[in-house]
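Here is a short briefing on how two parts of a chain hold on to each other. Look at the structure first, then read on.

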Amino acid sequence: MKRFRYSLQKILDLRSFQLKQAEIELGKVNSQIAAENRQLQVIASQKLKVQGDMDSSHDIMAFAQGHGYLVFLDQKRDACEQRLALLQIEADKKKEIVRQAMQKEKVLERLKERRLESWKDELNKEEELVVDDVVTAKYGAANA
């Protein structure tokens, strides 16, 4: 019995590899987004802590230092939000690349499935012909 050979298998393998690479790149960007979100949470918690300390303190120097630190945290938050916006744009681009890579791979997978089905049909026809020949030979030999 002959084996099924897909003539575009190397291209399909390449498309699969490209898809995996695109998914890895998207994962890296998503990881950076998660890190920026964690950084924003840290900043928010620091801001709450400083505001609480400022509210409970009656020292004007501590209040001034706290205010300066709040300004610094606001600047840090703004920079973090800018990086997050840029990363989100990059993630959207990477998602589109992944989508296109998935589409290209899926097209080749469907083609492979169709060719495999036609190969199976051909193989079944050949087997039917062989069985018919064997039956004909036996029937012909029995009648002779």
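A salt bridge is a side-chain nitrogen of Lys or Arg within 4 Å of a carboxyl oxygen of Asp or Glu. This is a predicted model, where local features need pLDDT of at least 70, side-chain atom pairs count only at pLDDT 80 or more, and totals for chains, interfaces and linings use all residues. Residues are numbered from 1 along each chain as its sequence is written, and side-chain values use heavy atoms, without hydrogens and water.

**Salt bridges**
- The structure holds eight salt bridges.
- One of them joins arginine 83 to glutamate 36, with the closest N and O atoms 3.1 Å apart.
- Arginine 83 lies in helix H2 and glutamate 36 in helix H1, so this pair ties together parts 47 residues apart in sequence. Helices (H or I, at least four residues) are DSSP runs, numbered from the N terminus.
- Aspartate 74 and lysine 47 also form a salt bridge, at 2.6 Å from N to O.
- Aspartate 74 is in helix H2 and lysine 47 in helix H1, so this pair links parts 27 residues apart in sequence.

**Glutamate 36**
- Glutamate 36 is buried, at 13% relative accessibility. Buried means under 20% relative accessible area, exposed over 50%, and partly exposed in between (1.4 Å probe, protein chains only).
- Arginine 83, at 38%, is partly exposed.
- Glutamate 36 touches Cys80, Arg83, Leu84 and Leu87, leaving aside residues up to four places away in sequence. Contact means heavy atoms within 4.5 Å.

Definitions and conventions. Helices (H or I, at least four residues) and strands (E, at least two) are DSSP runs, numbered from the N terminus.
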